[in-house]
Amino acid sequence: MIYFGDLRPKRGVVHIEVDRCKGCGFCVEYCPRDVLVMSDEFNAKGYHPPKVKDIDNCCYCQLCEAICPEFALFVTLAEEEAEVEDRTS
Ligand code: SF4
Ligand code: SF4
């Protein structure tokens, strides 16, 4: 029998540093899973930052993180977040 390891799809958690954003929309446009949408809110610089629309769709590809010119967002693995919560609760 061939063992393929753990093939469960990865899930990400998106963390947005709202006030670093300059509202270019790259992260929204290029996310392959339509996880993000531009917010109607303004940040401290007067731009519309992204917000999470559907986190369950995030596959932890990290494209949004790589493409953001302002380093305004990063993605962590949902299962690692859960482990940290378990340790701290
Ligand atoms: S990690 Fe990938 S799927 Fe998740 S929000 Fe970023 S670009 Fe979209
Ligand atoms: S790519 Fe970065 S700067 Fe552009 S809208 Fe997204 S978070 Fe803001």
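Select Q62 to begin: with 16 C-beta neighbours inside 10 Å, Q62 counts as partly exposed. For burial, C-beta atoms are placed from the backbone, and a residue is buried if 20 or more other C-beta atoms lie within 10 Å of its own, exposed if 12 or fewer, and partly exposed in between. You'll find Q62 in the loop between β3 (50-52) and α2. Check its backbone too: phi of Q62 is positive, about 70°, although Q62 is not a glycine. Most residues other than glycine have a negative phi.

Before you move on, some housekeeping. This is a predicted model: local features need pLDDT of at least 70, side-chain atom pairs count only at pLDDT 80 or more, and totals for chains, interfaces and linings use all residues. Residues are numbered from 1 along each chain as its sequence is written, while chains are lettered from A and ligands numbered from 1 in the order in which they are written.

Next, D34. Its phi is near 55°, again a positive value in a residue other than glycine. D34 lies in the loop between α1 (26-30) and β2 (36-38), and is exposed, with 11 other C-beta atoms within 10 Å.

Now zoom out and colour by secondary structure. The protein chain has three helices and four strands, where helices (H or I, at least four residues) and strands (E, at least two) are DSSP runs numbered from the N terminus. From that end, the order is β-α-β-β-α-β-α. The C-alpha trace spans about 55 × 30 × 20 Å along its principal axes, and buried residues make up 19% of the 89 residues.

Strands pair if DSSP finds at least two bridges between them. One to click on is I16, whose bridge partner in β4 is L73.

Which residues touch the most other members of the largest nonpolar core? Of its 14 residues, they are V14, C27, C64 and L73. β1 and β4 each supply at least two residues of this core. The core is a set of buried Ala, Val, Leu, Ile, Met, Phe, Trp, Tyr and Cys residues joined through C-beta atoms within 7 Å.

Stay on C64. Not counting residues up to four places away in sequence, C64 touches V14, C27, C31, L36, L73 and V75; contact means C-beta atoms, placed from the backbone, within 7 Å.

Slide along to C68, in the loop between α2 and β4 (73-77). Is C68 buried or exposed? Buried, with 21 other C-beta atoms within 10 Å. Beyond its neighbours within four places in sequence, C68 is in contact with F26, C27 and L73.

Finish with the ligands. Select ligand 1: 15 residues surround it, the closest being C31, V35, C58, C61 and C64. A residue counts as near if its C-beta atom, placed from the backbone, lies within 6 Å. β1 (12-16) and α2 (63-67) each supply at least two residues of that shell. Ligand 2 is surrounded by 15 residues, with C21, C24, C27, C68 and A72 the closest.

How values were computed:
Two residues are in contact if their C-beta atoms, placed from the backbone, lie within 7 Å.
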